[in-house]
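Let's take a walk through this one together. Have the sequence and the model open side by side as you read.

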Amino acid sequence: MRKKIIAGNWKMNLTLSEAKTITKGLTLASNSSSYEVMVFPSALHLESVSSLANGSKLIVGAQNAYQSGLTAMTGEISPVQLTELGIKTILVGHSERRQFLGETSEFDNAKISYFLKSGLRVVYCVGETWAEREKGQTFAVLEEQIGKGLKDITSDLFSNLVIAYEPVWAIGTGKVATPTEAEEAHAFIRKEIGKLFVGADQVAENIQILYGGSVKPDNVKELLAKPNIDGGLVGGASQKLDSFLGLLK
């Protein structure tokens, strides 16, 4: 059975003091939770948050990294540097990086391949905009993002891969895909993964697929009750300790 995940993406939010407060609360909660609990802090807070989480079940991940060892790449972070902090999980392909920083599925594929081959865990984000949904292009967008983003990823690497379906129109807007809409997209993603290579059916069955987009304590249970939804990648509701703990109940 696929284990459920609740992951908090803090984006470019929270002061160091706020991040520490939430982390301290989550270290206790993660030890007793039936979920895998993850947080993705700002890069400046990674060392402090990782240090506080050490010894607990709380997983600390990075929001971004570059697909290289130590090298001359101004403004980027190497997985080597993350590993020194005990960080072995990286978010790839978030819609904000696609929309505002020009990341493509092909570029994300290079990241995913490098990180997985380096023994790291990847949470790969996919999802359509409102304009694309309105035009009936949801499945075409997901097919492209899965096909190009996961091109040539070999079957042995999928055990360290998590997919996050985040309809762009539901991120920070208060709009939420209905559980039925979310389940439909998740089932499609699982089917597309099963088509990537011969024998991928079992890989598709085992992979964890998260839903992201205005996930809150009052809707998380209904979403997670769907058979293909294995957790949530949460923004706003993960940035306060009480609401984050509410997601874990």
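Leaving aside its neighbours within four places in sequence, which residues is serine 42 in contact with? They are Lys11 and Gln63, where contact means heavy atoms within 4.5 Å. You'll find serine 42 in the loop between strand S2 (36-40) and helix H2 (46-53). Its relative accessible area is 18%, so serine 42 counts as buried (under 20%; exposed is over 50%, partly exposed in between, with a 1.4 Å probe and protein chains only).

A quick word on ground rules: this is a predicted model, where local features need pLDDT of at least 70, side-chain atom pairs count only at pLDDT 80 or more, and totals for chains, interfaces and linings use all residues. Residues are numbered from 1 along each chain as its sequence is written, and side-chain values use heavy atoms, leaving out hydrogens and water.

Now zoom out. The chain has 11 helices and 8 strands, taken as DSSP runs numbered from the N terminus (helices are H or I, at least four residues; strands are E, at least two). Along the principal axes, its C-alpha atoms fill a box of roughly 45 × 45 × 35 Å. Of the 249 residues, 54% are buried. Look at contacts with a separation of 6 or more, and 71% of them come from residues 24 or more positions apart.

As for charge, there are 26 positive side chains and 27 negative ones, counting Lys and Arg as positive and Asp and Glu as negative, without His or the chain ends. The centres of the two sets lie 4 Å apart, with each charge placed at NZ of Lys, CZ of Arg, CG of Asp or CD of Glu.
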